[in-house]
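Please keep the view of the structure at hand while reading.

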Amino acid sequence: MPENDLTKLEDLQRLKCRDWQTEFAAIDWEARIAIGKNFFTDLQPKNGLRIMSSGSMTGWYLFAGESMSDDPDHFDPYCATHLVELAPDILVYLGLPVGWRFLHAPEYEDVWCDPDLIASDRFDP
């Protein structure tokens, strides 16, 4: 992603975080995001949650549908920059800090802090 485009995206993320009354927490765009096998389907809504980053992972988990699969192999790692083309409509949420979640569907959005995610240093789907 060109540096200028990244700067514009992060500026938008900062504005949205201000709207949601939380701080902006940038991700490393070369790091990985855990994406559910159903995320790139038509299944709605799209969900995301962020825990503490670890190693090459951003801490973001993305999945689709009303509930998350409990299959331990449900998530695959994707480089964050791939979402620019694969899921541009969710990029704005990736500036949310640890402990935050989002739910996105056509004509619907919900963004909130989940204290259980803040207290945890790992996530078990």
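Followed from the N terminus, the elements of the protein run α-β-β-β-β-α-β-β-α. This amounts to three helices and six strands. The arrangement described here belongs to a predicted model.

The six strands form an open sheet in the order β4-β1-β3-β2-β5-β6, and their pairing is mixed. At the edges of the sheet stand β4, residues 75-79, and β6, residues 108-113, each of which pairs on one side only. Neighbouring strands of the sheet are turned against each other by 20° on average, with direction ignored.

Strand β2, residues 46-50, and strand β3, residues 57-64, pair in the antiparallel sense over five bridges. Within this pair, G48 stands opposite L62 in β3.

What are the overall dimensions of the protein? Along the principal axes, its C-alpha atoms fill a box of roughly 40 × 35 × 30 Å. The radius of gyration is 14 Å, which agrees with the value near 14 Å that a compact globule of 125 residues would have.

The surface and the interior can now be considered in turn. The protein exposes about 7,000 Å², and carbon and sulfur atoms supply 49% of this area. Of the 125 residues, 46% are buried, where buried means under 20% relative accessible area. In soluble globular proteins, nonpolar side chains tend to be buried together.

In this model, the largest nonpolar core has 23 residues, and those with the most contacts inside it are I33, L62, L83, I90 and L94. Two or more residues of this core come from each of α1 (residues 3-19), β1 (residues 32-36), β3 and β5 (residues 100-105). The helix α1 gives the most to the core, with three residues. Apart from this core lies another one, of seven residues, including A34, L49, I51 and L117.

Which residues does L83 touch, if those up to four places away in sequence are not counted? L83 touches I33, I35, F40, L62, P88, I90, L91 and L94.

Methods. Residues numbered from 1 in each chain as written. Predicted model: local features only at pLDDT ≥ 70, side-chain atom pairs only at ≥ 80, totals over all residues. Heavy atoms only, no water. Pairing = 2+ DSSP bridges. Helix = DSSP H or I, 4+ residues; strand = E, 2+ residues; numbered from the N terminus. Axes fitted to C-alpha atoms, helices over the stretch in contact; angles between N-to-C directions. Rg over C-alpha atoms; globule rule 2.2 N^0.38 Å. Buried < 20%, exposed > 50% of the residue type's maximum accessible area, 1.4 Å probe, protein only. Areas by Shrake-Rupley, 256 points an atom, 1.4 Å probe, with all protein chains shown as cover. Core = buried A, V, L, I, M, F, W, Y, C linked by side-chain atoms within 4.5 Å. Contact = heavy atoms within 4.5 Å.
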